[in-house]
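Open the model in your viewer and keep the selection panel at hand. Each stop says what to select and what is there.

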Amino acid sequence: MPGFELFGDEEKKEVMDVLDTGVLFRYGFEQARKGKWKARSFEEKLCRFTGAEYAHLCSSGTAALSIALAACGIGAGDEVIIPPFTFVATFEAVLNSGAVPVFGEIDETLCLNPDRLDSVVTEKTKAVIPVHMCGAMAQIDKIKKFCAEKKLILIEDACQAIGGFFKGKHLGRFGKMGCLSFDAVKTITCGEGGGIITDDHDLYLKASQYADHGHDYSGGPDRGADGHPIMGANYRISELNAAVGVAQLGKLNKIIKIQQNNKKIIKEALSGISDIRFRQIPDPDGDSASFLSFFLPDETRAKKVIKALGKNGVDACFYWYDNNWHYFRKWDHLKSMKSAAPLCAQFAETKPDYKNISLPESDSVMKKTISMLIKLSWIDSEIEKRINGIKNAVNS
Ligand SMILES: *Cc1c(COP(=O)(O)O)cnc(C)c1O
């Protein structure tokens with residue numbers, strides 16, 4: 001997953017372009033910038049890579065989620081269905097929008113189970129945000145169909161899934177908007193950054209306005225003359241970060257190829273082990289292959305194996321069920337609504353009783369799941385060593 005492993009001269013060159021002009025701002029300064037538009041160029045490349053009509057870069061993946069929620073008109077009083085297996089950013093963005101996060105069950109795709117959405121829909125439900133976790137896709141066709149039937153807005157959290165496709169279409173392109181992250185540990189990074197992609201021109205305009213204090217760019221080169229049709233925030237990306245992203249995006253195809261190759265070798269080597277089953281991936285060809293996730297027969301075995309992996313020096317393995325940041329079970333701050341300031345959700349007439357929420361299906365999947373990061377820098381002998389380490393750990 002980590003683009004930082006392929007960091008080099010290309011990134012330096014793009015950043016030096018920006019430093020040479022001294023224009024770190026993505027808008028204006030037409031003369032001084034000498035034709036260098038890094039954020040713009042990143043957005044154009046992102047459209048080409050994903051096939052989306054429009055892309056707008058912003059300061060983080062979390063910002064992208066906030067922007068998408070705002071642009072789609074989701075806020076106070078609304079409920080948004082999200083999975084309990086994601087990074088905390090997904091529920092943070094929903095809460096900060098004023099809406100109430102509601103948890104649907106996940107299944108062995110490690111993503112929202114489309115067949116279990118109906119049981120958490122209420123008359124307040126406005127949107128569903130499936131998260132394409134660990135580089136591979138949710139059953140996005142079925143989730144899209146469900147949203148269409150129920151007239152719900154579909155926004156995709158594809159922050160971990162750039163370079164991932166479902167039946168030839170890039171993830172993040174199935175709903176109204178897709179959200180991407182380029183933070184320090186994502187498949188491509190620009191230090192801090194994110195973006196939304198969409199095919200809807202009005203949503204794109206609203207998103208770019210919201211991310212920049214409502215600026216509508218009607219003032220031409222004079223930002224002070226711009227109108228402000230809506231209130232917004234500052235979720236802008238800097239030209240320096242965007243410059244790194246331009247270089248990283250140029251490497252994305254290569255990154256995905258390496259990941260797919262490394263993952264394939266390890267997966268094949270482990271496929272004979274009867275105690276291991278692999279995560280279900282609705283379209284294996286579209287897997288960005290940033291992680292290999294598998295199931296042990298039960299919680300006890302999974303806990304034993306994750307310990308043994310550590311002892312065997314097999315690094316970059318995750319047992320999410322015990323993880324503070326990626327699974328609902330450990331989100332005590334959410335369960336007791338410990339926020340710095342009051343949230344709309346706290347005053348919602350009806351909301352889930354987060355403290356007593358029960359997600360038995362998600363629990364049973366997460367209890368037995370181990371994921372390992374697929375690195376780009378591995379040489380053949382390291383992969384061989386890993387395979388042996390994993391086999392020993394599973395058989396221990
Ligand atoms: C990383 C991540 C985010 C947030 O991205 P940042 O750029 O770190 O704000 C949101 N959702 C998921 C699933 C992520 O992995």
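Predicted model: local features only at pLDDT ≥ 70, side-chain atom pairs only at ≥ 80, totals over all residues.

## Stop 1: A89

Select A89: this residue is buried, with a relative accessible area of 7%. Buried means under 20% relative accessible area, exposed means over 50%, and partly exposed lies in between (1.4 Å probe, protein chains only). A89 sits in helix α4. Helices (H or I, at least four residues) and strands (E, at least two) are DSSP runs, numbered from the N terminus.

Residues are numbered from 1 along each chain as its sequence is written, and side-chain values use heavy atoms, with hydrogens and water left out.

## Stop 2: the ligand

Which residues come nearest? Of the 15 residues around the ligand, they are G61, T62, S181, D183 and K186. A residue counts as near if one of its heavy atoms lies within 4 Å of the molecule or strand.

Next, show the polar contacts, pairs of N or O atoms within 3.5 Å.

- G61: a polar backbone atom is 2.7 Å from an oxygen atom of the ligand.
- Q160: a polar side-chain atom lies 2.8 Å from a ligand oxygen atom.
- K186: a polar side-chain atom lies 3.0 Å from a ligand oxygen atom.

Taken alone, the ligand exposes 380 Å², and the protein buries 94% of that. Accessible areas come from the Shrake-Rupley method with a 1.4 Å probe; for residues, only the protein chains shown count as cover. Colour α3 (61-71) and α4 (89-96): these elements give two or more residues to the shell around the ligand.

## Stop 3: F4

Go to F4, in the segment before α1 (9-21). F4 is partly exposed, with a relative accessible area of 44%.

## Stop 4: two backbone angles

Select K34, in the loop between α1 and α2 (38-50). K34 is not a glycine, yet its phi is positive, at about 50°. Is K34 buried or exposed? It is exposed, with a relative accessible area of 61%.

Finish at M337, in the loop between α10 (332-335) and α11 (360-367). M337 has a positive phi of about 50° although it is not a glycine. M337 is buried, with a relative accessible area of 14%.

Definitions and conventions. Polar contact = N/O pair within 3.5 Å; in protein donor to acceptor, adjacent residues only side chain to side chain.
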